[in-house]
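Thanks for coming. Please have a look at it first.

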Amino acid sequence: MNARTITESLNTPVMGEFEVVVLGGGPSGIAAAAAAARSGRSTILVERYGFLGGSGTAACISDFCGLHANVHGEHRQVVHGIADEIQERLQRLGGLKDPHLSLRSMIKAQVYDLSAYKIVLDQLMQQSGVKLLFHAFGVGVHMDSANRIDALFIESKSGRAAIRGKMFIDCSGDADIAAWSGAPYEYGDGRGNSLYPSMKFRINNVDPERAKDGRNLLPKLMEEAEARGRKFPRKGALMRPQINHIEWVANATLVKNPDGTAVDGTNVEQMSYGEVEGRRQCWDVFEFIKSVTPGFENAYIVDIAAQLGIRQTRRILGEYMLTEEDILGCADFEDSIGVNGWPVEAHTATGVTIKFANVPHSRGFNQMPYRMMLPEKIDNLLVAGRCASMTYDGQSSARVSGPCLVMGQAAGTAAALAIKEGIGARAISIPALQARLEANGAFLGRKW
Ligand SMILES: Cc1cc2nc3c(=O)[nH]c(=O)nc-3n(C[C@H](O)[C@H](O)[C@H](O)COP(=O)(O)OP(=O)(O)OC[C@H]3O[C@@H](n4cnc5c(N)ncnc54)[C@H](O)[C@@H]3O)c2cc1C
């Protein structure tokens, strides 16, 4: 009766067999699923929520970072392919702003409407022929052998089930499939800490004209309040007007465990604590903003993100690890699948540190190697998005939406190639992959 474990005996029904099984519907997952399905492969996308977008919707991100780079002082979009299509579809719904300057005007980012983004991604999946499975939580894998995954286990309101696949693409953000299948990975900075999460919130009824000055004044107002003893979770508040200028999104929180470490997105106890603490911080910071900031006197919180925004957890140890040196040195790779121009943006206990490549004196972006998506040990698995093979610092850059879309499109295309040839992900022809990516609009960064 008092045993610490319970042994279960399970007979799990197989609910389907697909050529490509994608876990996670964030930017990497949607691009992976669309690319695989468009290559003619039966593809299922498994997502725990009832909508797509990943952190980009669930954590209220509302801003594409990493689509652009500062190329010798000129701001250019450098991520193309499925990214272009998402932008065009958003534009048709009136859900995309022109790119704006960000991070001390060094680089551009682009605001999108959260609801329009959800609709666009539904359409993208449906029109690409992807089978969507919402409200399904991936919980484990069944292995054929030590190196081959046979099926993904899911749990949902309909019970436990298995989904068989030929190729699996882990876009869970947390390298869930990789961890369950025994592929090696790292967590955070290797000392038990990781990038710090934030809870974002949306503000409505802002007076847009007065708020422009208000936003510039806010850091000083916060500093003065701090000198009087007021506490804030992080220095300053990132406040950005949305498509309708009476709506703003705020990034003003930093969620720590009681011992000061970053809340771990793979630890259910810490996540439970973090959600409550994140919402508490939102309300607390907003009360201050509203009480002192011109333009925000009549504003209110219209929405707090559905989940705490997790920046980094597990990252696989792949055939290549993308490093900070690669980002800052604008590295080239023979097996380039696309590029990333976002700087290293580390959210640490003391605040945010930004490191750019030497712009405007460099081309401002690095190529991303196919090998960063290949986990050690497992032959029929690709890992794309923020849990791909990157060092702690490398991931502090290439975790944003732009490079995640790049990895996703390449992973879906590579999975389809592997199935066509009847080989593992490691064995595919890189020139064939690159030719397909370029034919489908991707920019591999080879022309500079
Ligand atoms: C606070 C914050 C602010 C950010 N700001 C920006 C920004 O302004 N611009 C920008 O471009 N990027 C920003 N980022 C980074 C960016 O949003 C993410 O890094 C990016 O979304 C990662 O994409 P992904 O596809 O790897 O994973 P995610 O977006 O994390 O998506 C993973 C998906 O998998 C699903 N999932 C996970 N595990 C399971 C499971 N076991 N079963 C079923 N489903 C599962 C999740 O529900 C989710 O939908 C920010 C991140 C945070 C946390």
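**The second largest pocket and the chain around it**

Let me begin with the second largest pocket, where α4 supplies the largest share of the lining, three residues. Before going further, note that this is a predicted model.

How many residues line this pocket? The lining has 18 residues, and those nearest the centre of the pocket are C60, L114, S115, R202 and D303. Two or more lining residues come from each of these elements: α2, residues 55-58; α4, residues 114-128; and β16, residues 300-304. The volume of the second largest pocket is about 230 Å³.

Next, the kinds of residue. Nine residues of the lining are nonpolar, five are charged and four are polar.

Which domains contribute to the lining? Domain 1, which covers 14-191 + 312-439, and domain 2, which covers 201-304, each give at least three residues.

Now to the protein chain as a whole. The chain contains 22 strands and eleven helices. Its C-alpha trace spans about 65 × 65 × 40 Å along the principal axes. The radius of gyration is 21 Å, which agrees with a compact globule, because a globule of 448 residues would have a value near 22 Å.

Two more figures on the chain. Of its 448 residues, 58% count as buried, that is, under 20% relative accessible area. Among contacts with a separation of 6 or more, 73% are between residues 24 or more positions apart.

That is what I had on this one.

Methods. Residues numbered from 1 in each chain as written. Predicted model: local features only at pLDDT ≥ 70, side-chain atom pairs only at ≥ 80, totals over all residues. Heavy atoms only, no water. 1 Å grid on protein atoms, 1.4 Å probe; cavity = no way out; pocket = protein on both sides within 12 Å on 5 of 7 lines; lining within 4 Å. Points joined across faces, edges and corners; volume = space filled by probe spheres on them. Helix = DSSP H or I, 4+ residues; strand = E, 2+ residues; numbered from the N terminus. Nonpolar A, V, L, I, M, F, W, Y, C, P; charged D, E, K, R; others polar. Domains from an automatic or database assignment. Rg over C-alpha atoms; globule rule 2.2 N^0.38 Å. Buried < 20%, exposed > 50% of the residue type's maximum accessible area, 1.4 Å probe, protein only. Contact = heavy atoms within 4.5 Å.
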